[in-house]
Amino acid sequence: MPKRWKTVSVVGMGYVGLPLAVIIAKKGYKVYGIDLDHTKVRKINKGINYISDVDNNDLKEVVNLGLLRAYDNYKPVSKSDIIIIAVPTPIDKNMQPDLSCVISAACNVAKYLRKNTVVVLESTTFPGTTDELLKPILEKSGLVIGKDFYLGFSPERVDPGNKVYKIENTPKIISGITKSCLKRIKEFYDTIIVKTIPVSSTKVAEMAKLLENIYRNVNIALVNEIMLLCDRMGIDIWEVIEAACTKPFGFMKFNPGPGVGGHCIPIDPFYLSYKAKEHNFFTNFINLSAEVNENIPYFVVNKILRELAKRGLTPKRSSVLVLGLTFKKDVADLRHSPACKIIELMLPYGFRLFIHDPYFKSVCIKDKELKSVNDPYNVANKVDFILILTDHSVYRWDDFARRTKGFVFDTRNATKNIKSKKIVKL
């Protein structure tokens, strides 16, 4: 590593910050993990992991070696050579960007900023945030950007549950406010990541991140809308997709599902739409994709009601076993999970709900705590239908299909290899 850099502060010990802090510490840097959540700080300092993408042994190793220590204040910034801001950038109830965490982090960093420090924002946001929001806040320290300190943006590319591409072997886009900023940011990340991709401005880097995720959102919306049409026409969407996949060029597979979830895909269209209006531009195509995906949970519930009606059942007289709560297969992450939205929509109908997810003992939805059953296979014998919302690998789908006395509503095509009249597909 460059001799002038020895210490790194990572602000935000969540799904992006903690894995990044561990990787940096493993490279030999002294890392200060900053988070105002006292529980997270205590767990880190005891070597207790709470993020599925972090290896338990890696966390314990860097903590025991004194290479990573967590703090619930910003004082470590004053002795840091590198500062990485990786705080949440959610949307509010009106679907507007909420940058309060970024602003708060920047203001606190500015209080302790010293000369020759490199500051990098990794939180997903709209183009212009680094230059127009962070830069003025940090310059209140009295330091001159590009001379006394260095600022840039490098979007995180975390894919929860991905066994192949981790932080260190995923190419990383980097940018700087000035050429000197970019030079130093590249020097740092080159010691952590196998390949860095410099771009000409922070706005380009910010837009690239949004493009990556909106690309997925748009294509998922396309296949979801085709799925809605196939449902109306009585066509098996899953067979359609597999047939289309036989084309060796010009087609990329995207699957429908109960909705989109995670920390970026459901959020990013609203960030770009918000910023576009500042330029008198309306992202109609992108907004439509968000609208399609946001409406899928409502379709799922309506189809459940249809299937019950076919069997002479009503919601209040029906029991259901819901399998899978997380937004993605084999990942312990509930953020914006469509499963949680579907359960929320089901609650007013009076269903007798049983839920199970191997990663969570309980979940709170609309102030109602729902506890995960101990043995879902035993419950499968007793319910009117099974609802598959997340296709975790631990589940034995043939067992569920065999045990249930009712039907299985599969929103993930988890039962694709099972032939049974009990199975209803999305």
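Contact here means heavy atoms within 4.5 Å. With that in hand, let us walk through the chain.

## What you are looking at

This is a predicted model, in which local features need pLDDT of at least 70 and side-chain atom pairs count only at pLDDT 80 or more, while totals for chains, interfaces and linings use all residues. Residues are numbered from 1 along each chain as its sequence is written, and side-chain values use heavy atoms, with hydrogens and water left out.

## The chain as a whole

The secondary structure amounts to 13 helices and 15 strands; these are DSSP runs numbered from the N terminus, with helices being H or I of at least four residues and strands being E of at least two. The chain has a radius of gyration of 24 Å, close to the 22 Å that the globule rule gives for 426 residues, so it is as compact as a globular protein of that length. Here the radius is taken over C-alpha atoms, and the rule is 2.2 Å times the number of residues to the power 0.38. Along its principal axes, the C-alpha trace spans about 75 × 50 × 40 Å.

Of the 426 residues, 52% count as buried, where buried means under 20% relative accessible area, exposed means over 50%, and partly exposed is in between (1.4 Å probe, protein chains only). Among contacts between residues at least 6 apart in sequence, 69% join residues at least 24 apart. The chain exposes about 20200 Å², and carbon and sulfur atoms supply 53% of that area; the areas come from the Shrake-Rupley method with a 1.4 Å probe, and for residues only the protein chains shown count as cover.

On the charge side, there are 64 positive and 44 negative charges, and their mean positions are 3 Å apart. Lys and Arg count as positive and Asp and Glu as negative, with His and the chain ends not counted; each charge is placed at NZ of Lys, CZ of Arg, CG of Asp or CD of Glu.

Trp-5 sits in the segment before strand S1 (7–11). Its relative accessible area is 2%, so Trp-5 is buried. Leaving aside neighbours within four places in sequence, Trp-5 is in contact with Tyr-29, Asp-81, Ile-82, Val-118, Arg-184, Glu-187 and Phe-188. Thr-178 is 173 residues from Trp-5 in sequence, and their C-alpha atoms are 20 Å apart in space.

## Two buried helix residues

Ala-106 belongs to helix H4 (residues 100–112) and is buried, with a relative accessible area of 0%. Apart from residues up to four places away in sequence, Ala-106 touches Leu-134, Ile-137 and Leu-138. Between the C-alpha atoms of Ala-106 and Ile-44 there are 23 Å, for a spacing of 62 residues along the chain.

Asn-213 is part of helix H7 (residues 202–233), and its 9% relative accessibility means that it counts as buried. With residues up to four places away set aside, Asn-213 touches Cys-264, Ile-265 and Asp-268. Asn-213 and Arg-157 are 56 residues apart in sequence, yet 9.9 Å apart from C-alpha to C-alpha.

## Cysteines

The structure holds 0 disulfides, a disulfide being a pair of cysteine sulfur atoms within 2.5 Å.

## Loop residues

Phe-251 lies in the loop between helix H8 (237–244) and helix H9 (268–277), where it counts as partly exposed at 39% relative accessibility. Beyond four places in sequence, Phe-251 is in contact with Ile-241, Ala-244 and Cys-245. Phe-251 and Met-95 are 156 residues apart in sequence and 32 Å apart, C-alpha to C-alpha.

Two further loop residues have a positive phi without being glycine. For Asp-330, phi is near 60 degrees; this residue is in the loop between strand S9 (319–323) and helix H11 (338–346) and is partly exposed at 30% relative accessibility. Asn-413 has a positive phi of about 60 degrees and is located in the loop between strand S14 (407–410) and strand S15 (423–425). At 12% relative accessibility, Asn-413 counts as buried.
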